[in-house]
Amino acid sequence: MRVISGIQTTGNLHLGNYLGAIKQWVAMQNAMEADGGECLFFLADLHALTGNVTPAELATSTIEMAATLLAAGIDDRSILFNQARVPAHAELCWILQGTARMGWLNRMTQWKDKAGKNRDGASVGLFTYPVLQAADILVYQATHVPVGEDQKQHLELTRDVAAKFNTDFGVELFPLPEPLISKAAPRIMSLRDGQAKMSKSDPSDLSRINLIDDDATIAAKFRKAKTDAEPLPESFDALAERPEAKNLVTIFAALSDRDPQSVVTEFAGQGFGAFKPALADLAVSVLGPIRERLTRLLDDRGQVGAQLARGADRAGAMAAPTLLAAKRAVGLQV
Ligand code: TYM
(Lines give C-alpha, C1' and ligand atoms only; values in the text may rest on other atoms or scores of the structure.)
Protein backbone atom coordinates (compact mmCIF):
# COMPACT_ATOMS: atom_id res chain seq x y z
CA MET A 1 0.00 0.00 0.00
CA ARG A 2 1.40 3.38 -0.94
CA VAL A 3 -0.51 6.44 0.26
CA ILE A 4 -0.17 9.96 -1.10
CA SER A 5 -2.04 13.19 -0.57
CA GLY A 6 -1.43 16.90 -0.90
CA ILE A 7 -2.76 20.25 0.13
CA GLN A 8 -2.66 23.55 -1.71
CA THR A 9 -0.50 26.21 -0.14
CA THR A 10 -2.89 29.12 -0.09
CA GLY A 11 -4.21 30.73 3.08
CA ASN A 12 -4.56 28.78 6.31
CA LEU A 13 -5.51 25.23 7.10
CA HIS A 14 -9.04 24.99 8.48
CA LEU A 15 -11.22 22.51 10.29
CA GLY A 16 -12.53 21.08 6.98
CA ASN A 17 -8.98 20.24 5.89
CA TYR A 18 -8.26 18.76 9.31
CA LEU A 19 -11.36 16.58 9.67
CA GLY A 20 -11.71 15.73 5.96
CA ALA A 21 -8.07 14.95 5.22
CA ILE A 22 -5.28 15.50 7.75
CA LYS A 23 -6.84 13.46 10.54
CA GLN A 24 -7.00 10.52 8.10
CA TRP A 25 -3.39 11.11 7.05
CA VAL A 26 -2.20 10.84 10.64
CA ALA A 27 -4.30 7.69 11.20
CA MET A 28 -2.87 6.10 8.04
CA GLN A 29 0.67 6.99 9.00
CA ASN A 30 0.12 5.31 12.37
CA ALA A 31 -1.54 2.25 10.81
CA MET A 32 1.20 1.92 8.19
CA GLU A 33 3.79 1.30 10.85
CA ALA A 34 2.17 -2.04 11.58
CA ASP A 35 1.00 -2.87 8.03
CA GLY A 36 4.06 -1.85 5.99
CA GLY A 37 3.99 0.56 3.03
CA GLU A 38 4.71 4.25 2.73
CA CYS A 39 2.88 7.53 3.28
CA LEU A 40 3.83 10.61 1.27
CA PHE A 41 2.29 14.00 2.08
CA PHE A 42 3.13 17.17 0.25
CA LEU A 43 2.47 20.89 0.01
CA ALA A 44 1.06 21.55 -3.46
CA ASP A 45 2.94 24.79 -4.08
CA LEU A 46 2.92 24.35 -7.87
CA HIS A 47 -0.85 24.01 -7.76
CA ALA A 48 -1.04 27.21 -5.71
CA LEU A 49 0.49 29.09 -8.68
CA THR A 50 -2.75 28.58 -10.60
CA GLY A 51 -4.54 31.01 -8.27
CA ASN A 52 -3.83 34.60 -7.34
CA VAL A 53 -1.06 34.11 -4.83
CA THR A 54 1.76 36.58 -4.27
CA PRO A 55 5.37 35.31 -4.01
CA ALA A 56 5.54 36.34 -0.35
CA GLU A 57 2.26 34.58 0.51
CA LEU A 58 3.33 31.42 -1.29
CA ALA A 59 6.67 31.24 0.52
CA THR A 60 5.15 31.85 3.95
CA SER A 61 2.18 29.60 3.41
CA THR A 62 4.36 26.63 2.36
CA ILE A 63 6.37 26.71 5.60
CA GLU A 64 3.34 27.47 7.80
CA MET A 65 1.28 24.65 6.34
CA ALA A 66 4.18 22.22 6.66
CA ALA A 67 4.49 23.26 10.32
CA THR A 68 0.73 22.75 10.76
CA LEU A 69 0.96 19.20 9.38
CA LEU A 70 3.83 18.44 11.77
CA ALA A 71 1.84 19.95 14.64
CA ALA A 72 -1.16 17.78 13.71
CA GLY A 73 0.94 14.63 14.03
CA ILE A 74 2.74 13.96 10.73
CA ASP A 75 6.27 12.86 11.59
CA ASP A 76 9.34 11.14 10.15
CA ARG A 77 7.46 7.92 9.52
CA SER A 78 5.89 9.79 6.58
CA ILE A 79 7.65 11.57 3.74
CA LEU A 80 6.73 15.27 3.94
CA PHE A 81 7.89 17.62 1.20
CA ASN A 82 6.90 20.45 -1.10
CA GLN A 83 6.03 19.61 -4.68
CA ALA A 84 8.32 22.23 -6.28
CA ARG A 85 11.38 20.49 -4.83
CA VAL A 86 10.59 17.26 -6.72
CA PRO A 87 10.74 18.14 -10.44
CA ALA A 88 9.42 14.68 -11.42
CA HIS A 89 5.86 15.92 -10.71
CA ALA A 90 6.05 18.67 -13.34
CA GLU A 91 7.90 16.44 -15.82
CA LEU A 92 5.35 13.64 -15.62
CA CYS A 93 2.57 16.24 -15.82
CA TRP A 94 3.86 17.34 -19.22
CA ILE A 95 3.94 13.75 -20.47
CA LEU A 96 0.39 13.11 -19.18
CA GLN A 97 -0.90 16.22 -20.92
CA GLY A 98 -0.53 14.14 -24.07
CA THR A 99 -2.89 11.57 -22.54
CA ALA A 100 -5.57 13.72 -20.85
CA ARG A 101 -8.37 14.94 -23.12
CA MET A 102 -9.80 18.46 -23.30
CA GLY A 103 -13.32 17.06 -22.80
CA TRP A 104 -12.32 15.39 -19.54
CA LEU A 105 -10.88 18.61 -18.15
CA ASN A 106 -13.83 20.67 -19.38
CA ARG A 107 -16.13 18.56 -17.21
CA MET A 108 -14.23 19.26 -13.97
CA THR A 109 -16.53 21.11 -11.56
CA GLN A 110 -13.61 22.80 -9.80
CA TRP A 111 -12.50 24.30 -13.12
CA LYS A 112 -16.04 25.46 -13.90
CA ASP A 113 -16.47 26.98 -10.41
CA LYS A 114 -13.10 28.69 -10.26
CA ALA A 115 -12.99 29.98 -13.84
CA GLY A 116 -16.59 31.19 -13.62
CA LYS A 117 -17.87 33.01 -16.69
CA ASN A 118 -14.50 34.49 -17.63
CA ARG A 119 -12.87 31.36 -19.06
CA ASP A 120 -10.71 33.31 -21.50
CA GLY A 121 -9.22 35.19 -18.58
CA ALA A 122 -8.48 32.07 -16.49
CA SER A 123 -4.93 30.75 -16.37
CA VAL A 124 -4.02 27.71 -18.46
CA GLY A 125 -2.68 26.17 -15.24
CA LEU A 126 -6.14 26.34 -13.67
CA PHE A 127 -7.46 24.25 -16.57
CA THR A 128 -4.67 21.65 -16.51
CA TYR A 129 -4.58 21.58 -12.70
CA PRO A 130 -6.03 18.03 -12.50
CA VAL A 131 -3.30 16.67 -14.81
CA LEU A 132 -0.64 17.85 -12.36
CA GLN A 133 -2.68 16.24 -9.60
CA ALA A 134 -2.70 12.97 -11.59
CA ALA A 135 1.08 13.23 -11.99
CA ASP A 136 1.49 13.84 -8.23
CA ILE A 137 -0.19 10.52 -7.55
CA LEU A 138 1.00 8.39 -10.47
CA VAL A 139 4.67 9.35 -10.24
CA TYR A 140 4.80 7.32 -7.00
CA GLN A 141 2.58 4.50 -8.33
CA ALA A 142 0.42 5.31 -5.31
CA THR A 143 -2.47 2.98 -4.50
CA HIS A 144 -4.52 5.05 -2.01
CA VAL A 145 -5.32 8.76 -1.79
CA PRO A 146 -7.01 10.08 1.39
CA VAL A 147 -9.01 13.21 0.44
CA GLY A 148 -12.25 15.06 1.14
CA GLU A 149 -15.24 14.42 -1.09
CA ASP A 150 -14.55 17.53 -3.18
CA GLN A 151 -11.50 15.80 -4.68
CA LYS A 152 -13.40 12.71 -5.84
CA GLN A 153 -13.75 13.94 -9.41
CA HIS A 154 -10.03 14.69 -9.68
CA LEU A 155 -9.30 11.15 -8.49
CA GLU A 156 -11.62 9.73 -11.15
CA LEU A 157 -9.73 11.74 -13.75
CA THR A 158 -6.44 10.38 -12.38
CA ARG A 159 -7.74 6.85 -12.86
CA ASP A 160 -8.84 7.67 -16.44
CA VAL A 161 -5.41 9.14 -17.25
CA ALA A 162 -3.62 6.12 -15.74
CA ALA A 163 -5.79 3.62 -17.62
CA LYS A 164 -5.45 5.43 -20.97
CA PHE A 165 -1.68 5.77 -20.60
CA ASN A 166 -1.30 2.06 -19.78
CA THR A 167 -3.47 1.10 -22.78
CA ASP A 168 -2.01 3.58 -25.27
CA PHE A 169 1.57 2.55 -24.55
CA GLY A 170 0.95 -1.12 -23.76
CA VAL A 171 2.45 -0.94 -20.27
CA GLU A 172 1.30 -1.85 -16.77
CA LEU A 173 2.98 1.19 -15.28
CA PHE A 174 0.32 3.00 -13.29
CA PRO A 175 -1.94 1.28 -10.74
CA LEU A 176 -5.44 2.83 -10.62
CA PRO A 177 -5.44 4.70 -7.28
CA GLU A 178 -8.36 4.43 -4.85
CA PRO A 179 -9.72 7.56 -3.19
CA LEU A 180 -10.16 7.18 0.58
CA ILE A 181 -12.90 9.56 1.62
CA SER A 182 -13.44 10.14 5.33
CA LYS A 183 -16.76 8.61 6.46
CA ALA A 184 -16.99 10.93 9.46
CA ALA A 185 -16.30 14.21 7.64
CA PRO A 186 -16.46 13.90 3.84
CA ARG A 187 -17.54 17.53 3.48
CA ILE A 188 -17.50 20.03 6.32
CA MET A 189 -19.68 23.02 5.50
CA SER A 190 -19.26 26.75 6.10
CA LEU A 191 -20.38 28.01 9.52
CA ARG A 192 -22.30 30.79 7.76
CA ASP A 193 -24.02 28.76 5.02
CA GLY A 194 -24.85 25.06 5.28
CA GLN A 195 -24.93 24.73 1.47
CA ALA A 196 -21.34 25.90 0.88
CA LYS A 197 -18.26 23.90 1.84
CA MET A 198 -15.86 25.29 4.42
CA SER A 199 -13.12 26.80 2.29
CA LYS A 200 -9.92 28.84 2.44
CA SER A 201 -11.25 31.10 -0.27
CA ASP A 202 -14.46 32.17 1.49
CA PRO A 203 -14.09 35.94 2.05
CA SER A 204 -15.69 35.65 5.51
CA ASP A 205 -13.30 34.40 8.18
CA LEU A 206 -16.36 33.63 10.32
CA SER A 207 -17.22 30.85 7.87
CA ARG A 208 -14.33 28.64 9.02
CA ILE A 209 -12.30 27.63 12.06
CA ASN A 210 -8.61 28.05 11.19
CA LEU A 211 -6.12 25.78 12.90
CA ILE A 212 -4.29 28.89 14.09
CA ASP A 213 -7.39 30.46 15.71
CA ASP A 214 -7.06 31.02 19.46
CA ASP A 215 -9.54 29.57 21.96
CA ALA A 216 -11.62 32.75 22.22
CA THR A 217 -11.88 33.04 18.41
CA ILE A 218 -12.97 29.40 18.10
CA ALA A 219 -15.67 29.93 20.74
CA ALA A 220 -16.84 33.18 19.13
CA LYS A 221 -17.05 31.61 15.67
CA PHE A 222 -19.20 28.72 16.93
CA ARG A 223 -21.36 31.18 18.90
CA LYS A 224 -21.96 33.19 15.72
CA ALA A 225 -22.44 30.10 13.53
CA LYS A 226 -25.73 30.14 11.62
CA THR A 227 -28.33 27.73 13.05
CA ASP A 228 -32.09 27.58 13.46
CA ALA A 229 -34.45 28.01 16.42
CA GLU A 230 -35.45 24.33 16.74
CA PRO A 231 -33.99 22.07 19.44
CA LEU A 232 -31.95 19.03 18.40
CA PRO A 233 -34.17 16.05 17.42
CA GLU A 234 -33.97 12.43 18.62
CA SER A 235 -32.65 11.16 15.31
CA PHE A 236 -29.70 12.37 13.19
CA ASP A 237 -31.67 11.57 10.03
CA ALA A 238 -34.23 14.22 11.06
CA LEU A 239 -31.51 16.84 10.40
CA ALA A 240 -31.54 16.18 6.64
CA GLU A 241 -33.39 19.45 5.92
CA ARG A 242 -31.42 21.49 8.49
CA PRO A 243 -27.95 21.74 6.88
CA GLU A 244 -26.39 24.15 9.41
CA ALA A 245 -27.53 22.07 12.39
CA LYS A 246 -26.43 18.86 10.67
CA ASN A 247 -23.00 20.35 10.00
CA LEU A 248 -22.43 21.28 13.64
CA VAL A 249 -23.44 17.80 14.79
CA THR A 250 -21.14 16.26 12.15
CA ILE A 251 -18.25 18.42 13.38
CA PHE A 252 -18.94 17.40 16.99
CA ALA A 253 -19.01 13.71 16.04
CA ALA A 254 -15.86 13.88 13.90
CA LEU A 255 -13.90 15.79 16.55
CA SER A 256 -14.82 13.28 19.25
CA ASP A 257 -14.63 10.12 17.06
CA ARG A 258 -18.27 9.42 17.86
CA ASP A 259 -21.23 8.35 15.81
CA PRO A 260 -23.41 11.40 14.93
CA GLN A 261 -26.47 9.55 16.25
CA SER A 262 -24.92 9.24 19.72
CA VAL A 263 -24.26 13.00 19.73
CA VAL A 264 -27.88 13.73 18.79
CA THR A 265 -29.09 11.31 21.47
CA GLU A 266 -27.02 13.11 24.11
CA PHE A 267 -28.34 16.57 23.15
CA ALA A 268 -31.91 15.65 22.06
CA GLY A 269 -34.41 18.32 23.07
CA GLN A 270 -31.72 20.93 23.79
CA GLY A 271 -31.24 24.08 21.74
CA PHE A 272 -28.05 25.54 20.29
CA GLY A 273 -27.59 27.70 23.38
CA ALA A 274 -26.46 24.50 25.11
CA PHE A 275 -24.92 22.69 22.13
CA LYS A 276 -22.65 25.45 20.83
CA PRO A 277 -20.62 25.97 24.04
CA ALA A 278 -20.14 22.19 24.35
CA LEU A 279 -18.95 22.09 20.73
CA ALA A 280 -16.59 25.03 21.31
CA ASP A 281 -15.08 23.34 24.40
CA LEU A 282 -14.56 20.13 22.45
CA ALA A 283 -12.94 21.95 19.50
CA VAL A 284 -10.63 23.87 21.83
CA SER A 285 -9.58 20.64 23.56
CA VAL A 286 -8.63 19.07 20.19
CA LEU A 287 -7.23 22.10 18.37
CA GLY A 288 -5.54 23.87 21.32
CA PRO A 289 -2.64 21.39 21.60
CA ILE A 290 -2.12 21.44 17.80
CA ARG A 291 -1.94 25.25 17.86
CA GLU A 292 0.55 25.20 20.74
CA ARG A 293 2.85 22.80 18.87
CA LEU A 294 2.43 24.92 15.74
CA THR A 295 3.44 28.09 17.57
CA ARG A 296 6.64 26.42 18.81
CA LEU A 297 7.46 25.07 15.33
CA LEU A 298 6.99 28.51 13.79
CA ASP A 299 9.75 29.83 16.04
CA ASP A 300 12.16 27.73 14.00
CA ARG A 301 11.06 28.01 10.39
CA GLY A 302 14.54 27.05 9.16
CA GLN A 303 14.15 23.66 10.80
CA VAL A 304 10.81 23.10 9.04
CA GLY A 305 12.40 24.06 5.70
CA ALA A 306 15.26 21.61 6.30
CA GLN A 307 12.75 18.86 7.06
CA LEU A 308 10.96 19.56 3.76
CA ALA A 309 14.25 19.38 1.87
CA ARG A 310 15.05 15.98 3.41
CA GLY A 311 11.55 14.76 2.51
CA ALA A 312 12.04 15.94 -1.09
CA ASP A 313 15.25 13.89 -1.40
CA ARG A 314 13.41 10.77 -0.29
CA ALA A 315 10.40 11.50 -2.54
CA GLY A 316 12.62 12.30 -5.55
CA ALA A 317 14.40 8.96 -5.22
CA MET A 318 11.06 7.15 -5.12
CA ALA A 319 9.68 9.02 -8.16
CA ALA A 320 12.76 8.60 -10.40
CA PRO A 321 12.22 5.00 -11.63
CA THR A 322 8.55 5.62 -12.54
CA LEU A 323 9.36 8.83 -14.38
CA LEU A 324 12.10 7.04 -16.33
CA ALA A 325 9.73 4.19 -17.20
CA ALA A 326 7.11 6.71 -18.41
CA LYS A 327 9.68 8.50 -20.58
CA ARG A 328 10.84 5.21 -22.11
CA ALA A 329 7.22 4.13 -22.69
CA VAL A 330 6.50 7.22 -24.81
CA GLY A 331 9.80 6.94 -26.69
CA LEU A 332 11.79 9.78 -25.17
CA GLN A 333 15.55 9.23 -25.43
CA VAL A 334 16.89 9.88 -21.94
P1 TYM B 1 -7.16 21.44 -0.83
O2 TYM B 1 -5.89 22.14 -0.53
O3 TYM B 1 -8.33 22.24 -1.30
O4 TYM B 1 -7.64 20.63 0.43
C5 TYM B 1 -6.80 19.70 1.11
C6 TYM B 1 -7.62 18.51 1.59
O7 TYM B 1 -8.68 18.94 2.45
C8 TYM B 1 -9.92 18.44 1.96
N9 TYM B 1 -10.97 19.44 2.24
C10 TYM B 1 -12.12 19.18 2.89
N11 TYM B 1 -12.60 18.04 3.41
C12 TYM B 1 -13.82 18.11 4.03
N13 TYM B 1 -14.53 19.27 4.12
C14 TYM B 1 -14.08 20.43 3.60
N15 TYM B 1 -14.78 21.57 3.70
C16 TYM B 1 -12.81 20.42 2.94
N17 TYM B 1 -12.06 21.38 2.32
C18 TYM B 1 -10.95 20.75 1.90
C19 TYM B 1 -9.71 18.27 0.46
O20 TYM B 1 -10.63 17.35 -0.08
C21 TYM B 1 -8.28 17.77 0.42
O22 TYM B 1 -8.23 16.36 0.67
N23 TYM B 1 -6.26 19.50 -5.34
C24 TYM B 1 -6.02 19.29 -3.92
C25 TYM B 1 -4.56 19.20 -3.54
C26 TYM B 1 -3.78 18.17 -4.29
C27 TYM B 1 -3.87 16.76 -4.10
C28 TYM B 1 -2.93 16.21 -5.02
C29 TYM B 1 -4.61 15.94 -3.25
C30 TYM B 1 -2.88 18.41 -5.27
N31 TYM B 1 -2.35 17.23 -5.71
C32 TYM B 1 -2.73 14.83 -5.10
C33 TYM B 1 -4.41 14.55 -3.35
C34 TYM B 1 -3.48 14.02 -4.27
C35 TYM B 1 -6.62 20.48 -3.17
O36 TYM B 1 -6.72 21.55 -3.69
O37 TYM B 1 -6.87 20.24 -1.85
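Q: Let's begin with a pair of helices: are H10 and H11 roughly parallel or roughly perpendicular to each other?

A: Keep in mind that this is a predicted model. For any helix pair, look at the angle and then at the gap between the axes. Here H10 (residues 243-256) and H11 (residues 260-267) pack at about 110 degrees, with axes 8 Å apart. Angles of 65 to 115 degrees count as roughly perpendicular, and H10 and H11 are therefore roughly perpendicular to each other. Their crossing is right-handed.

Q: Which residues make the contact of H10 and H11?

A: Once the angle is clear, look for the side of each helix that faces its partner. H10 brings Val249, Thr250, Phe252 and Ala253, while H11 brings Pro260, Val263 and Val264. By class, that contact has 6 nonpolar residues, 1 polar residue and no charged ones.

Q: How do H7 and H8 pack, and at what angle?

A: H7 and H8 (residues 152-169) pack at about 70 degrees, and their axes are 9 Å apart. These two helices are therefore roughly perpendicular to each other as well. H7 passes H8 in a right-handed crossing. From H7, the contact uses Pro130, Gln133, Ala134, Ile137 and Leu138; from H8, it uses His154, Leu157, Thr158, Val161 and Ala162. Sorted by class, these are 7 nonpolar and 3 polar residues, with no charged ones.

Q: Which residues of H9 meet H12, and how do they divide by class?

A: Start with the geometry: H9 (residues 215-224) and H12 (residues 272-298) pack at about 145 degrees, with axes 9 Å apart, and the crossing is right-handed. Asp215, Ile218, Ala219, Phe222 and Arg223 in H9 meet Lys276, Leu279, Ala280, Ala283, Val284, Leu287 and Gly288 in H12. The contact of H9 with H12 divides into 8 nonpolar, 1 polar and 3 charged residues.

Q: How many residues surround the ligand, and which are the closest?

A: For a ligand, list the shell of residues, then ask which elements supply them. Here 25 residues surround the ligand, and the closest are Gln8, Gly16, Gly20, Val147 and Gly148. Strand E1 (2-8), helix H1 (15-35), helix H7 (124-138) and strand E4 (144-147) each give two or more residues to this shell. The largest share, 5 residues, comes from E1. By class, the shell holds 10 nonpolar, 11 polar and 4 charged residues.

Q: Stepping back, how does the radius of gyration of the chain agree with that of a compact globule?

A: A compact globule of 334 residues would have a radius of gyration near 20 Å, and the chain has 21 Å, which agrees. Along its principal axes, the C-alpha trace spans about 70 × 45 × 40 Å. The chain contains 13 helices and 5 strands.

Note on methods. Residues numbered from 1 in each chain as written. Predicted model: local features only at pLDDT ≥ 70, side-chain atom pairs only at ≥ 80, totals over all residues. Axes fitted to C-alpha atoms, helices over the stretch in contact; angles between N-to-C directions. Helix = DSSP H or I, 4+ residues; strand = E, 2+ residues; numbered from the N terminus. Parallel < 35°, antiparallel > 145°, perpendicular 65-115°, else oblique. Left-handed = near helix turned anticlockwise from the far one by under 90°. Contact = placed C-beta atoms within 7 Å. Nonpolar A, V, L, I, M, F, W, Y, C, P; charged D, E, K, R; others polar. Near = placed C-beta within 6 Å. Rg over C-alpha atoms; globule rule 2.2 N^0.38 Å.
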